[in-house]
Amino acid sequence: MLSALLALATSSRSLPPPPLQFSARIVTTAHQLNATDDYPPRTRQLTVYYDFPARRSRVDYDGVAPHEPPKAFVRRYDLQFEWSVLELGGEKACHKSRLREAMPMPRWPEAMRLVGDEMARGRRCERWREDHGEEVVELLVERDGGAPVRLTTHIVDPSSPDGERSPLLSYEVLDFEPAAPPEEAFRMLASSTSPVFEGAGALRVEQCERVAQEMGFPYIHFLHS
């Protein structure tokens, strides 16, 4: 009877929609890589500013890993332009390109089901799971408010009778602010002179080189399965 009541309680809940406006620091961990190797890095840190209603986003790579220079990507779908700024050996460089498509609508995996509650970093969370057979995706969101806490993909050992799993990639969401980021976060001047790009001489927008054939930059995946 108790298990039936618990199943009914969890089945009546629905996964909160992904946030449309936020800023956060995200730490990614590739669990299958050796932590002592410089490259590729096992962990990366990025700061995300996201505002879907205003159609703009910015991602700063902190450059804390060896062979990973500090860099930022600013996508202004409202202006139909994007910029990439990076620093190598104290010199800053900028490229720009047109954005030819609409800003993708954020969404969680479609087939997630609630498997229970748990505590994570002192917060009561819901654990949601999507099973792909050989791969399992798990998402932790706060019980109150639905803020994302962690997303992890696991690989399932097919030889294990108990379906033993090992983590592949995880996204830890820290310093989450569920509100529209400040206007300054998306200004090109603010991006090129943010603390991660401080150095001799300020980078001006007119110095940005146009990408050949307006090919743009690769998508940046965060909280991605």
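The following questions and answers go through a predicted model of one protein chain.

Visitor: How many helices and strands does the protein chain have?
Guide: Helices (H or I, at least four residues) and strands (E, at least two) are DSSP runs, numbered from the N terminus. From that end, the elements run α-β-β-β-β-β-β-β-β-β-β-β-α-β. The count is two helices and twelve strands.

Visitor: In what order do the strands stand in the sheet, and which are the edge strands?
Guide: Two strands pair if DSSP finds at least two bridges between them. The twelve strands form an open sheet with mixed pairing, in the order 7-8-9-10-11-1-2-3-4-5-6-12. Two strands pair on one side only, and these edge strands are strand 7 (113-120) and strand 12 (209-210).

Visitor: Which residue in strand 11 stands opposite T28?
Guide: Strands of a sheet pair through backbone hydrogen bonds, either parallel or antiparallel. Strand 1 (residues 21-30) and strand 11 (residues 165-177) pair in the antiparallel sense, over seven bridges. Opposite T28 stands Y171.

Visitor: Which residue in strand 11 is the bridge partner of T153?
Guide: Strand 10 (residues 148-156) runs antiparallel to strand 11, and seven bridges join them. The bridge partner of T153 in strand 11 is L169.

Visitor: How many residues are in the largest nonpolar core?
Guide: A nonpolar core is a set of buried Ala, Val, Leu, Ile, Met, Phe, Trp, Tyr and Cys residues joined through side-chain atoms within 4.5 Å. Buried means under 20% relative accessible area, exposed over 50%, and partly exposed in between (1.4 Å probe, protein chains only). In the largest core, the residues with the most contacts inside it are F22, V48, Y50, W128, L139 and F176. Strand 1, strand 2 (43-51), strand 3 (56-61), strand 9 (135-142) and strand 11 each supply at least two residues of this core, whose size is 25 residues.

Visitor: What is the geometry of the aromatic pair of Y61 and F73?
Guide: Rings of Phe, Tyr and Trp (its six-membered ring) pair if their centres lie within 6.5 Å; planes under 30 degrees apart count as stacked, over 60 as edge-to-face and the rest as tilted. By this rule there are four aromatic pairs. For Y61 and F73 the centres are 6.4 Å apart and the planes are at 80 degrees, so the pair is edge-to-face.

Visitor: Where do Y61 and F73 lie, and are they buried or exposed?
Guide: Y61 is in strand 3 and F73 in strand 4 (residues 71-76), twelve residues apart. These strands pair in the antiparallel sense over six bridges. Y61 has a relative accessible area of 17% and F73 one of 14%, so both are buried.

Visitor: Which residue lies over the face of Y61?
Guide: A charge sits over a ring if NZ of Lys or CZ of Arg is within 6 Å of the ring centre and within 35 degrees of the ring normal. The residue opposite Y61 in strand 4 is K71. At 5.1 Å from the ring centre, the residue over the face of Y61 is also K71.

Visitor: Which cysteines form the disulfide, and what parts does the link tie together?
Guide: A disulfide is a pair of cysteine sulfur atoms within 2.5 Å, and a search of the whole structure finds one. The sulfur atoms of C94 and C208 are 2.0 Å apart, and both residues are buried.

Note on methods: Residues are numbered from 1 along each chain as its sequence is written. This is a predicted model: local features need pLDDT of at least 70, side-chain atom pairs count only at pLDDT 80 or more; totals for chains, interfaces and linings use all residues. Side-chain values use heavy atoms; hydrogens and water are left out.
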